[in-house]
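Hi,

Here is the structure I promised to pass on. Have a look at it first, and then read my notes below.

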Amino acid sequence: MTIRISVHTFLVFLFDLLAVAIAWVGGLLIRFNLAWPPDSGFFTSTLLILAALLPIHALACYWAGLYRGIWRFASVPDLKRVLHAIAISAAGLLTIKALLDIPGSMLPRSMLVLYPLLLAAIMCGDRLAWRMWKEYRMSRGLHAFGKPVIIVGAGNSGKMLVDTLGRRAEWRVVALLDDDHTKWKRELYGIPIEGDVGALPRVLKKYHAEHVVLAMPSAPPAIIKHVANVALGANARVFIVPGIEELMCGRVEIDAMRPVEVEDLLGREPVCIDAAHIHQVFAHRTILVTGAGGSIGSELCRQLAKFEPKRLILLEVSEFALYSITEWFTSYHPEVKIVPLIGDVRDEARIEEVFSIWYPQAVFHAAAYKHVPLMETGNAWQAVSNNVFGTLQLARCAHRYGVERFVLISTDKAVNPTNIMGATKRLAEMVCQAFSVASNTRFGIVRFGNVLGSSGSVVPKFQAQIARGGPVTVTHPEITRYFMSIPEAAQLVLQAAAQEENGEIFVLDMGKPVKIADLARNMIHLSGYTEAQINIEFTGLRPGEKLYEELLADTEQTLPTPHPKLRIARSRQVDEDFLGNLQNWLECPVPLDDETVRCDIRQWVVEYTPPPPPPQPEADDLPEGMFLNKKTGHAAGDCFQHV
């Protein structure tokens with residue numbers, strides 16, 4: 001076997017042998033006060049002992065693995081190897097002393113101490129000096145050109161981050177902050193710890209810094225939210241290091257920083273679900289997800305993939321959305337059997353075909369029209385058709401084909417609705433409640449508010465407006481909404497779906513409401529702008545829009561469940577003739593105008609309070625084919641016979 005030794009390693013090896021000679025001769029000179037003894041026998045024995053020490057030390061260095069490390073990154077483990085080699089070399093000297101302990105050997109006993117001390121100083125010192133030189137050369141000029149950055153957190157993560165960023169040309173760590181007052185006015189790798197988070201505005205100004213890194217991977221979300229808000233309030237760009245689990249698993253490095261996102265500012269605690277029970281309920285079953293390419297539907301599919309379903313039937317009306325979720329499964333979960341199907345929940349023949357071929361055992365119905373202003377004007381009947389009739393079709397097939405569980409994804413806008421979208425979703429809830437009375441299928445409804453990043457939510461809209469340079473449009477300065485992340489919502493939907501209740505409406509704990517204006521300001525700051533650069537404009541409430549949504553987890557209106565973030569809403573029961581009357585209304589052969597839909601929905605959704613009707617055109621101003629409805633005074637395409 002051929003051993004290949006690099007030139008650099010060979011030179012290091014020669015230097016370590018030279019260190020033996022220097023330590024040996026230097027120790028003797030110290031012992032004799034820099035005056036070499038004139039005795040020729042002493043000189044001869046000194047050379048003989050050195051000749052014996054050199055091969056012993058060479059073997060000790062090889063055994064200790066001294067040449068496996070990289071000098072530029074010499075650290076404590078490398079110093080331990082050096083000390084092991086020195087200990088062996090010192091033991092060799094002791095052996096030689098014992099063998100030569102005869103008259104005339106003239107080996108001073110003090111060399112048993114002086115030799116290893118000098119050898120350790122030389123071998124450790126040269127490695128330390130080399131690392132300092134290399135780091136100086138690497139970082140030379142960085143302090144002049146790197147962007148100044150403040151690190152919040154002077155713990156282990158902060159220490160690693162300071163060390164790592166010190167070798168990066170684009171950053172220059174100028175100060176640290178930490179809430180532990182015992183660390184104040186001290187230094188970490190020469191970087192001063194200036195105080196706590198409250199000192200951030202002062203420190204940013206002092207060092208002319210515009211960037212802050214939160215080095216707190218294990219901190220609770222509420223703490224991260226507080227620190228991020230302080231930094232954003234000081235008009236700083238805020239970054240955060242990866243989570244502690246990612247660091248421990250080695251999936252990312254400490255310097256894999258990412259900008260703080262809107263989700264981080266919600267301060268929501270991670271969701272803990274009963275994964276074992278959910279696996280027991282959904283493993284090895286055929287599961288149908290409608291709206292499988294949408295924001296919630298696609299995340300439900302991703303979450304369900306973790307629980308070993310027999311197959312997932314992905315029903316979606318949008319070709320591109322279906323293609324996207326199919327590609328995701330191909331890349332990340334090729335072992336999961338998926339059946340991608342194009343289909344509309346309003347298509348009776350298609351829905352019947354899906355159930356008759358695949359016989360799903362669980363259904364998650366996420367397909368719906370959700371955009372409030374769009375459904376409010378000109379599309380009310382389409383909202384009824386998709387949200388109500390589509391749910392009725394699926395529920396009827398689920399009942400007839402013996403589906404075990406049917407879960408309707410609803411919305412907080414179904415609580416005391418003031419718009420068509422919310423009223424139609426409340427009707428869809430009532431459909432499921434009606435079927436739960438006489439069906440063996442376990443029906444469940446899950447209500448929650450807005451999810452960040454979903455299609456149609458304000459977050460993508462604000463992002464696009466900021467990218468265009470503003471302005472960011474908000475309907476009202478006092479408008480508030482409940483928010484949660486898409487994964488959190490999907491996990492809680494699965495938790496609710498695994499419950500044993502039938503016909504119940506589950507509501508999710510959405511936390512505290514968020515002012516949309518504050519959300520817009522945070523997104524502007526997160527993008528690196530100020531409100532002077534990108535302003536906020538208030539445009540007025542849109543059709544059907546509320547200033548605030550109902551509190552979903554009000555303990556006076558809901559009942560507890562075993563899961564702390566799930567409650568059961570107290571809702572009124574539906575009438576026995578509800579499904580029959582609803583079916584007759586849905587079978588109207590022509591689309592109904594918006595005001596007729598609003599009027600008719602109030603027969604069943606008594607808590608629905610429609611907004612005042614907008615000004616209507618005169619009959620002479622209507623487009624061809626439209627006329628004025630004599631009963632309602634609104635434009636219509638045909639008449640409607642009421643139920």
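**What I found**

Let's start with Leu28, which sits in helix H1 (residues 7-31). Helices here are DSSP runs of H or I with at least four residues, strands are runs of E with at least two, and both are numbered from the N terminus. Before going further: this is a predicted model, where local features need pLDDT of at least 70 and side-chain atom pairs count only at pLDDT 80 or more, while totals for chains, interfaces and linings use all residues. Residues are numbered from 1 along each chain as its sequence is written, and side-chain values use heavy atoms, leaving out hydrogens and water.

Back to Leu28: is this residue buried or exposed? Leu28 counts as buried, because its relative accessibility is 1% (buried means under 20% relative accessible area, exposed over 50%, partly exposed in between, with a 1.4 Å probe and protein chains only). Tyr115 is 87 residues away from Leu28 along the chain, yet their C-alpha atoms are separated by 8.5 Å.

Phe239 is another one to click on. It belongs to strand E6 (residues 237-240) and is buried, with a relative accessible area of 13%. Leaving aside residues up to four places away in sequence, Phe239 touches several residues, including Trp171, His211, Leu214 and Pro259 (contact means heavy atoms within 4.5 Å).

**Helix pairs**

Two packed helices are described by the angle between their axes and the distance between the axes. The axes are lines fitted to C-alpha atoms, for helices over the stretch in contact, and angles run from 0 to 180 degrees between N-to-C directions.

Take H16 (residues 380-400) and H17 (residues 420-438): they pack at about 15 degrees, with axes 9 Å apart. H16 and H17 are therefore roughly parallel to each other (that is under 35 degrees; over 145 is roughly antiparallel, 65 to 115 roughly perpendicular and the rest oblique).

The crossing of H17 and H22 is left-handed. Here Ile420, Ala423, Thr424 and Leu427 of H17 meet Val597, Arg598 and Ile601 of H22, which gives five nonpolar, one polar and one charged residues.

Last pair: H12 (residues 295-304) and H13 (residues 319-332) pack at about 20 degrees, with axes 11 Å apart. That makes H12 roughly parallel to H13. Ser298, Cys301 and Arg302 of H12 make the contact with Ile325, Trp328 and Phe329 of H13.

**The whole chain**

Zooming out, the chain has 22 helices and 24 strands. Of its 643 residues, 49% count as buried.

Cheers

Notes:
A crossing is left-handed if the near helix is turned anticlockwise from the far one by less than a right angle, and right-handed if clockwise. Ala, Val, Leu, Ile, Met, Phe, Trp, Tyr, Cys and Pro count as nonpolar, Asp, Glu, Lys and Arg as charged, and the others, Gly among them, as polar.
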